[in-house]
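Here is my note on this model, as numbered points. Please read it with the structure open.

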Amino acid sequence: MWVEKRRMEASARMTCDFLGLHEGDTALLCLPLDYIAGKMMVVRSLVRGLRLVCVEPSGEPLGTGTKMGRIDFAAMVPMQVWNTLRVPEQRERLMQIRHLIIGGGAIDDGMAAELRTFPGAVWSTYGMTETLSHIALRRLSGPEADDWYTPFDGVRLSLTEEHCLTVDAPVVHDGLLVTNDIAEIAPDGRFRILGRKDNVICSGGMKIQAEEVERRLRPFLHVPYIITWRRDEKFGQAVVLLTEGDTAEAEQVCRRVLPRYWQPRAFVHVGRIPLTATGKPARSQAQALADS
C-alpha cells in the first residue's frame with residue numbers, strides 16, 4: 001500500500017502528543033523496518049526530534065551490548081517483552097523505560113500481571129497497518145491499568161449493526177474503516193474489544209462470543225484452554241472447550257460460573273492448544289480439532 005508522508009507525520013504527532021514526548025527524548029528502535037511499526041518509530045523521531053537508538057531486531061532487544069542510556073520511549077512485540085522479562089538484568093532495563101508500547105500480538109494475563117507493577121507507563125496499542133500503526137492506547141501498568149482503550153484526538157469511533165468497531169481518523173486514513181472487532185464504546189469515548197466477528201458462535205439462535213467466554217473462565221481455569229465449536233444437527237453450532245487439563249474439572253467450573261447459554265456442550269482434552277506464530281489462538285485449527 002502507498003502511504004502519504006503527511007499522514008505518517010500526523011500519526012507520529014498523535015502518539016508523541018498523547019505520551020508527552022519532547023525533543024531530545026530518547027527512542028529505541030528494535031523492530032524491523034519492513035513493517036509499519038518500525039517505520040513509524042523512525043517517523044516519530046524525525047517529527048518530534050527524538051534521539052533514536054537503533055539495535056538489530058531480535059527476540060531480546062535489551063540484551064545487546066549497545067550502551068543505550070535512559071530510554072524514554074520504546075515499541076516492542078509481546079514476544080520481545082516476554083523474553084526480556086525472563087532475564088533479570090534485561091527486566092531491570094525494561095522497567096526503566098518511561099513509555100513502552102506493545103503491539104502486534106496478544107498480551108496474555110501472566111504478562112499483563114507482571115507489567116502491572118512496572119513504575120513506568122506500559123501501553124497496549126490498538127490499530128492496524130491501514131491506520132499507520134495505532135489510533136488508541138490502553139494502560140497496562142499502575143493503578144490506571146484496565147481493559148479500555150483511549151482513542152487519540154481526532155479519532156471518531158462508532159459501531160455497526162453487528163457491533164463491529166468503525167474508525168474515522170481522517171488525518172491517517174482516507175474514509176471510514178470498518179473492522180471485524182466487536183467492541184463496546186463507553187459514554188466518555190473509550191472502548192474495549194470484546195472479540196472478533198469471526199469468533200461469534202451461533203448456537204441454537206444465540207450469539208456467543210468465544211473471547212468473552214474465555215475471559216469469564218480465566219480466574220478459574222489455570223491450564224491452557226480455548227473456546228471453539230463443532231457442527232451440530234440440533235443447534236447448528238455447539239460450543240466446545242478444548243483444554244490441556246482435566247475435562248471433568250473444566251466442566252465443573254463451566255457449570256458454576258458460565259450463563260446457561262454459554263455452557264460448552266463438549267469438553268475435549270488435547271496435548272497442546274494450537275497457537276499461531278505470534279502466540280494468538282489458532283482458531284481454525286482449534287475448530288478442526290473440535291469437529292474431528
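**Notes on the fold**

1. In strand S4, Ile102 is the bridge partner of Met76. Four bridges join strand S3 (residues 73–76) to S4 (residues 99–102), and the two strands run parallel. Helices (H or I, at least four residues) and strands (E, at least two) are DSSP runs, numbered from the N terminus. Two strands pair if DSSP finds at least two bridges between them.

2. A word on the basis. This is a predicted model: local features need pLDDT of at least 70, side-chain atom pairs count only at pLDDT 80 or more, and totals for chains, interfaces and linings use all residues. Residues are numbered from 1 along each chain as its sequence is written, and side-chain values use heavy atoms, with hydrogens and water left out.

3. S3 and S4 belong to an open sheet of seven strands, ordered S2-S1-S3-S4-S5-S6-S7, with mixed pairing. Its edge strands are S2 (51–54) and S7 (150–151), each of which pairs on one side only.

4. Please look at Asp25. It sits in the loop between helix H1 (5–19) and strand S1 (26–29). Is Asp25 buried or exposed? Asp25 counts as buried because its relative accessibility is 15%; buried means under 20% relative accessible area, exposed over 50%, partly exposed in between (1.4 Å probe, protein chains only).

5. The side chain of Asp25 makes a polar contact with the side chain of Arg98 (3.0 Å). A polar contact is a pair of N or O atoms within 3.5 Å; within protein, one must be able to donate a hydrogen and the other to accept it, and residues adjacent in sequence count only if both atoms are side-chain atoms. Beyond four places in sequence, the contacts of Asp25 (heavy atoms within 4.5 Å) are Gly20, Leu50, Arg51, Asp72 and Arg98.

6. The largest nonpolar core has 35 residues, and Phe73, Val155 and Val167 have the most contacts inside it. H1 gives the most to this core, with five residues. Such a core is a set of buried Ala, Val, Leu, Ile, Met, Phe, Trp, Tyr and Cys residues joined through side-chain atoms within 4.5 Å. Apart from it lies another core, of 21 residues, among them Leu62, Met68, Met111 and Leu115.

7. Further along, four bridges join strand S15 (residues 236–243) to strand S16 (residues 266–269), and these run parallel. Val240 stands opposite Ala266 in S16.
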